[in-house]
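Me: I am new to this structure. Please take me closely through one stretch of the chain and what surrounds it.

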Amino acid sequence: MTAIPSPPQGVWHLGPLPIRAYSLLMVLAIVVGAWVTRRRWAARGGDPDAVVDIATWAVPFGLVGARLYHVATDWRQYFGPGGEPLRAFAIWEGGISIWGAVAGGALGAWLACRRRGIPLRDFADAVAPGIALGQAIARWGNWFNQELYGRPTDLPWALEIDAAHRPAGMESTATYHPAFLYESLWDLGVAGLVLWAERRFHLDRGRTFALYAAAYTTGRAWIEWLRVDPAPLVLGLRLNVWTALLTLGAALTYLTVTRRPGTPGCTSVGA
């Protein structure tokens, strides 16, 4: 049976310094996202240096938000019986959430945009495909950590998971759906869709970002449904499925209520 092997390790040590694949891919994702946003913002007549300034706010806010969401929704492993509270700060072990990252990053971006007089919705349109590309890259960190996989399967593209990383009760099952790969490929498709639709339908005023949110959450909902790792349940569904569906609803509502003839690009990009 063919299967995708998992990396034998995700951490390399240079003396006392650990080099983690997860962290390297996160950095690469941020750099690629910022590079794409810088080019798009400059093409819209904005100051490309503003992207660096906004990123210095959005990135740390996003990382904090990503970790807070994870800890808040999976608090038992840190603060429940037998939990280790200090591990809540161990972000290098994985355990960050795109929902918290976008919310925290949006807050940081809003603060930075406000300082520069840049409309947040215009900047959000510029950053949307960069976020999707960054997500596609960052998901490969889950491959190195042997996490974010789905139900057992024997499909040719199944993912091999070492026994130490298998779910409780499935210790004898070696291959699972590579949910991380599904999401990475979906994110690449989202980036392409956003770039095409923006040009085809002249999306502006936050509509490009809303399309990204709608497209991403559509895929995330079914990918989340595949996963078998422990997660809080609400009315029988994983909490993140509800988060995806609610975000999808909000994005579609925004696209509907703002529908009117528009022009490509930003109406105002500030200083």
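Reply: Helices here are DSSP runs of at least four residues, numbered from the N terminus. By that count, Arg 139 lies in the loop between H5 and helix H6, which covers 140–145. Keep in mind that the model is predicted.

The UniProt annotation "binding site" covers Arg 139, and the entry is unreviewed. Is Arg 139 buried or exposed? Arg 139 has 14% relative accessibility, so Arg 139 counts as buried, because the cut-off for buried is under 20%. Its contacts, leaving out residues up to four places away in sequence, include Leu 148, Phe 180 and Glu 183. Ser 184, Asp 187, Tyr 216 and Arg 220 also touch Arg 139.

Now step back to helix H5. This helix spans residues 120–138, and Leu 120 is part of it. Leu 120 is partly exposed, with a relative accessible area of 30%.

Helix H4 is the next stop. It runs over residues 98–116 and holds Arg 115. Arg 115 is exposed, at 54% relative accessible area. Beyond residues up to four places away in sequence, Arg 115 touches Asp 53 and Trp 57. With Asp 53 there is a polar contact, side chain to side chain, at 3.5 Å. Ile 91 sits 24 residues from Arg 115 along the chain, and their C-alpha atoms are 29 Å apart.

Note on methods. Residues are numbered from 1 along each chain as its sequence is written. This is a predicted model: local features need pLDDT of at least 70, side-chain atom pairs count only at pLDDT 80 or more; totals for chains, interfaces and linings use all residues. Side-chain values use heavy atoms; hydrogens and water are left out. Helices (H or I, at least four residues) and strands (E, at least two) are DSSP runs, numbered from the N terminus. Buried means under 20% relative accessible area, exposed over 50%, partly exposed in between (1.4 Å probe, protein chains only). Contact means heavy atoms within 4.5 Å. A polar contact is a pair of N or O atoms within 3.5 Å; within protein, one must be able to donate a hydrogen and the other to accept it, and residues adjacent in sequence count only if both atoms are side-chain atoms. UniProt positions are given in the numbering used here, feature names are shortened, and annotations may be inferred rather than shown by experiment.
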